[in-house]
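Welcome! Please take a moment with the sequence and the 3D view, and then read on for a short tour.

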Protein chains: 2
Amino acid sequence: AASSSSTIAILIHLLFCFNALLLQCSLSRGITLESVRDFLTREEDTIVFSLIERAKYPYNSPLYNPSSCLKVDKWFGNSCSLVELFVRDSERVQAKIGSYQNPEEVPFFPEDLTWPVVPPYNFSKVLYPAAASVNVSDTIWSVYFKELLPQFTVEGVDGNFASTAASDLACLQALSRRIHYGRFVAEVKFRDSPQDYIPAIRAKDRDALMKLVTSESQEEIVKKRVEEKAAVFGQDVTLDRPADTGDSNSSRAAYKVDPSVVYRLYGDWVIPLTKIVEIEYLLRRLD
Amino acid sequence: AASSSSTIAILIHLLFCFNALLLQCSLSRGITLESVRDFLTREEDTIVFSLIERAKYPYNSPLYNPSSCLKVDKWFGNSCSLVELFVRDSERVQAKIGSYQNPEEVPFFPEDLTWPVVPPYNFSKVLYPAAASVNVSDTIWSVYFKELLPQFTVEGVDGNFASTAASDLACLQALSRRIHYGRFVAEVKFRDSPQDYIPAIRAKDRDALMKLVTSESQEEIVKKRVEEKAAVFGQDVTLDRPADTGDSNSSRAAYKVDPSVVYRLYGDWVIPLTKIVEIEYLLRRLD
């Protein structure tokens with residue numbers, strides 16, 4: 001009886017693997033672990049640029065205070081901050097030219113979006129449909145405003161509300177694109193070795209999945225690299241001395257965003273949230 | 001008679017100087033040649049970042065073709081490209097939170113703007129009112145799309161129309177902010193030595209004004225510095241080698257935007273257009 005039940009278990013396991021392989025064939029094969037890594041590495045530059053650009057402006061608190069909004073907008077009464085108003089409006093404008101046709105882009109306010117006026121573009125279908133909708137936008141939104149923004153901006157109000165909000169939007173979208181790319185990361189990892197993931201997915205074992213998607217050495221490389229990028233991109237480039245590469249602490253004060261803040265941003269938020277997206281995606285990967 | 005006419009000329013000259021000084025007292029004194037230079041130097045970083053971010057995407061030609069727009073928008077019939085639609089919409093959204101209350105910001109489509117919902121911010125009044133409206137937005141628009149964009153993007157269509165258009169907007173606004181800052185540059189130069197400018201302004205002598213606002217050695221420093229910034233900010237930062245500072249030509253191919261393109265962008269367009277703004281501003285400085 002023991003032997004026949006283990007035979008059945010093996011058969012079920014094989015059936016799942018076969019099923020996974022079949023689905024894989026129906027999805028695009030244009031994604032590899034290398035292309036995923038390239039995307040994430042390039043996105044680091046975008047995130048660091050966006051933080052440096054946001055740090056041009058002081059905190060500009062009226063943007064984040066719901067009572068600053070003099071007019072009542074038709075959608076959300078008095079309860080909306082200026083920055084929320086701006087992001088909702090901007091996402092509508094971006095949706096109009098097809099932003100969210102690309103599965104890499106995840107809106108913060110999907111309920112507001114308008115129909116695109118652009119010709120449909122045939123994006124390759126990489127994500128498993130039942131898992132594609134995983135998102136942590138609400139968490140990114142609250143983490144950005146509550147935890148991150150006060151760490152890399154100085155206090156004060158300079159009146160550049162629109163430029164500041166546009167910089168916030170750039171930061172939010174870059175972070176969201178990176179974190180939600182966890183769906184693509186998970187898809188590639190799953191395809192590379194479905195046999196490793198299927199038992200944990202079937203058991204809904206989040207701890208086992210967390211272990212599978214974690215590589216501490218790789219994460220440390222990423223954190224060190226973004227710290228280095230903040231030092232290189234955030235320095236004052238002049239012609240009379242070689243560009244500082246971030247090795248010397250003496251000039252650290254001159255960086256537009258403290259590199260150690262970017263290191264912690266990745267370690268405390270970007271990487272953990274990406275892994276949550278990966279795990280939630282994997283949990284739906286066999287649905 | 002010769003002596004009395006030269007006395008009158010001197011008196012008129014002094015009157016103009018006095019008049020200029022009076023006006024100067026009514027305007028904000030919070031601007032100096034040093035603060036102007038700091039602004040322009042920081043804006044170089046923004047321009048280089050925006051070009052690098054635009055270069056992430058291929059040219060994406062459907063954005064620039066009026067016939068790509070499937071829907072007729074209420075403002076501009078069939079004749080509008082997707083990118084124009086996007087910029088018009090975006091400027092309206094930005095105006096709503098007060099973008100163009102700041103005299104540093106100049107819209108591309110001022111006729112479309114909505115009334116701001118933000119509390120008015122008391123920006124310091126630096127510009128001479130009769131000259132503040134000088135603008136070269138139409139030139140920046142056509143130069144950007146016709147001359148610049150094809151130089152730093154690769155051919156192709158990847159469907160990321162919204163991200164591409166948002167990057168175009170960031171480039172356009174950074175260039176516009178820099179070039180229209182020529183008004184502030186001219187104001188500071190005029191205040192520093194009105195006696196040098198008044199005769200040329202009264203004679204409407206553009207050549208003389210061009211000579212006054214030109215410093216070839218300073219311009220060469222700026223061009224070399226933006227080239228260096230393109231090399232530093234556009235490199236692939238890795239942990240296993242010191243960051244490349246742009247001195248070695250061997251790795252030039254790896255830059256996200258060719259530094260020599262940025263050098264020429266400044267030399268052929270940004271600096272000359274800024275000087276046109278300065279001259280047009282000065283010509284109205286005594287109105």
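## A buried arginine in chain B

Arg54(B) counts as buried, at 0% relative accessibility; buried means under 20% relative accessible area, exposed over 50%, and partly exposed in between, with a 1.4 Å probe and protein chains only. This is a predicted model, in which local features need pLDDT of at least 70, side-chain atom pairs count only at pLDDT 80 or more, and totals for chains, interfaces and linings use all residues. Residues are numbered from 1 along each chain as its sequence is written, chains are lettered from A and ligands numbered from 1 in the order in which they are written, and side-chain values use heavy atoms, with hydrogens and water left out.

**Around Arg54(B)**

- Look for Arg54(B) in helix α2 (residues 33-54) of chain B; helices (H or I, at least four residues) and strands (E, at least two) are DSSP runs, numbered from the N terminus.
- Leaving aside residues up to four places away in sequence, Arg54(B) touches Tyr59(B), Tyr64(B), Tyr144(B), Leu149(B), Phe152(B), Thr153(B), Thr164(B), Ser167(B), Asp168(B) and Cys171(B), where contact means heavy atoms within 4.5 Å.
- Arg54(B) and Val257(B) are 203 residues apart in sequence, with their C-alpha atoms 9.4 Å apart in space.

**How the two chains relate**

- In chain A, helix α3 (residues 82-96) has 15 residues and should span 21 Å at 1.5 Å a residue, which agrees with the 21 Å between its end C-alpha atoms; the expected span is 1.5 Å times one less than the number of residues.
- α3(A) is mostly covered, with 15 of its 15 residues buried.
- Gly98(A) follows α3(A) and has a positive phi, near 90°.
- In chain B, α3(B) has 15 residues and reaches 21 Å from its first C-alpha to its last, close to the 21 Å expected at 1.5 Å a residue.
- Because 15 of the 15 residues of α3(B) are buried, this helix is largely enclosed by the rest of the structure.

**Enclosed spaces**

- The whole structure holds eight cavities of 30 Å³ or more; on a 1 Å grid over the protein atoms alone, a cavity is a set of points where a 1.4 Å probe fits but cannot get out, and lining residues have an atom within 4 Å of a point.
- The largest cavity has a volume of about 920 Å³, a volume being the space filled by probe spheres set on grid points that are joined across faces, edges and corners.
- Of the 43 residues that line the largest cavity, Ala166(A), Ser167(A), Ala170(A), Ala166(B) and Ala170(B) are the closest to its centre.
- In chain A, α2 (33-54), α3 and α5 (161-180) each supply at least two residues of the lining of the largest cavity, as do α2, α3 (82-96) and α5 (161-180) of chain B.
- The lining of the largest cavity has 19 nonpolar, 16 polar and eight charged residues; Ala, Val, Leu, Ile, Met, Phe, Trp, Tyr, Cys and Pro count as nonpolar, Asp, Glu, Lys and Arg as charged, and the others, Gly among them, as polar.
- The second largest cavity holds about 60 Å³ of space, and its lining includes Glu91(A), Tyr100(A) and Arg177(A).
- α5(A) gives the most to the lining of the second largest cavity, with three residues.

**Two loop residues with positive phi**

- Lys204(A) is not a glycine, yet its phi is positive, about 45°.
- Lys204(A) sits in the loop between α7 (194-202) and α8 (206-213) of chain A and is exposed, with a relative accessible area of 62%.
- Asn60(B), also a residue other than glycine, has a positive phi near 60°.
- Asn60(B) lies in the loop between α2 and α3 of chain B and counts as buried, at 0% relative accessibility.

Notes: On a 1 Å grid over the protein atoms alone, a cavity is a set of points where a 1.4 Å probe fits but cannot get out, and a pocket is an open set with protein on both sides within 12 Å along at least five of seven lines; lining residues have an atom within 4 Å of a point.
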